[in-house]
Amino acid sequence: MKTAICESGTKMPIDLYYMPLSVPCRSVMMAASALGVELNLKFLSVHKKEHLLPEFLKFTPQHCVPTMVDNDFVLCESRAIICYLADQYGKDDSLYPKDPKKRAVINHRLYFDATCLYQRFLDYYVPILYQGKEGDPGKCKRFEEALVMLEKYLDGHVWVTGDHITIADFPVIATVSSAEIFGLDITRYQNVSRWLANARKSIPKYEELNHAGCLDYKKVMDAKMILF
């Protein structure tokens with residue numbers, strides 16, 4: 001496992017402020033593990049408003065998880081963190097190729113998840129999870145339409161950008177597996193179902209780094225915890 005090294009040569013842990021149930025946090029943890037990067041996990045309860053404590057606000061005005069502190073470098077937003085870890089600590093560029101076209105496709109899938117797939121996941125599930133509302137059929141349809149797009153991106157491919165896993169897979173895995181744990185029938189999407197099953201078998205520590213958080217997320221769904 002790789003750790004940051006300060007100018008004095010002392011190894012410094014890479015801190016990650018996180019919540020296990022968080023979809024973005026789980027994507028960073030899976031990516032870091034695949035890159036061989038050791039994270040010093042610091043649990044932060046958003047439910048208990050710990051992200052608004054002064055000692056955390058000094059890191060980022062966005063007061064969000066995940067937030068990474070690598071020596072004196074602070075970064076939030078999960079996809080930005082994943083890209084940084086791959087560029088800074090990847091032993092090679094297999095997970096985030098430097099070839100402009102290959103990297104462009106990876107970046108596209110990251111943005112696709114951020115602005116389409118995960119955003120529509122949030123649009124549908126957040127009112128159910130945290131506001132005690134019934135699911136909006138229109139928003140569910142929009143999310144399912146995003147899954148149809150993912151199904152097409154996976155057509156003829158093992159992973160979301162081709163035949164090799166890249167950093168783009170981890171955020172999408174975290175999103176889709178969360179929807180599945182909430183009861184969405186992923187088997188309706190043949191390519192997505194095949195890809196997710198392969199991820200479960202292929203990604204080291206999948207159960208620990210992702211599925212355990214999914215189960216925590218399901219507990220929130222079952223409890224119908226109204227927070228906002």
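This is a predicted model: local features need pLDDT of at least 70, side-chain atom pairs count only at pLDDT 80 or more; totals for chains, interfaces and linings use all residues.
Me: Are helix 1 and helix 3 roughly parallel or roughly perpendicular to each other?
Reply: The axes of helix 1 (residues 23-35) and helix 3 (residues 78-89) come within 9 Å and cross at roughly 10°. Angles under 35 degrees count as roughly parallel. Helix 1 and helix 3 are therefore roughly parallel.

Me: How many charged residues are in the contact of helix 1 with helix 3?
Reply: On the helix 1 side the contact is made by Pro24, Ser27, Val28, Ala31, Ala32 and Leu35, which meet Ser78, Ile81, Ile82, Leu85, Ala86 and Tyr89 of helix 3. By class, these residues are 10 nonpolar and 2 polar, and the number of charged ones is: no charged.

Me: How many of the 12 residues of helix 3 are buried?
Reply: Helix 3 reaches 16 Å from its first C-alpha to its last, close to the 16 Å expected. Its buried residues are Ser78, Arg79, Ile81, Ile82, Cys83, Tyr84, Leu85, Ala86 and Tyr89. Helix 3 is thus largely enclosed by the rest of the structure, the buried count being 9 of the 12.

Me: Are helix 5 and helix 7 roughly parallel or roughly perpendicular to each other?
Reply: Helix 5 (residues 137-153) and helix 7 (residues 190-202) have axes 8 Å apart and pack at an angle of about 70°. The range from 65 to 115 degrees counts as roughly perpendicular. Helix 5 and helix 7 are therefore roughly perpendicular.

Me: Which residues in helix 7 are met by Leu147, Leu150 and Glu151 in helix 5?
Reply: The contact of helix 5 with helix 7 has 4 nonpolar, 2 polar and 1 charged residues. Leaving aside neighbours within four places in sequence, leucine 150 is in contact with residues including Val192 and Trp195.

Me: Does threonine 60 count as buried or exposed?
Reply: Threonine 60 is found in the loop between helix 2 (54-57) and strand 5 (67-70). Beyond its neighbours within four places in sequence, threonine 60 is in contact with Thr67 and Cys76. Buried means under 20% relative accessible area. At 4% relative accessibility, threonine 60 therefore counts as buried.

How values were computed:
Residues are numbered from 1 along each chain as its sequence is written. Side-chain values use heavy atoms; hydrogens and water are left out. Axes are lines fitted to C-alpha atoms, for helices over the stretch in contact, and angles run from 0 to 180 degrees between N-to-C directions. Helices (H or I, at least four residues) and strands (E, at least two) are DSSP runs, numbered from the N terminus. Angles under 35 degrees count as roughly parallel, over 145 as roughly antiparallel, 65 to 115 as roughly perpendicular and the rest as oblique. Contact means heavy atoms within 4.5 Å. Ala, Val, Leu, Ile, Met, Phe, Trp, Tyr, Cys and Pro count as nonpolar, Asp, Glu, Lys and Arg as charged, and the others, Gly among them, as polar. The expected span of a helix is 1.5 Å times one less than its number of residues. Buried means under 20% relative accessible area, exposed over 50%, partly exposed in between (1.4 Å probe, protein chains only).
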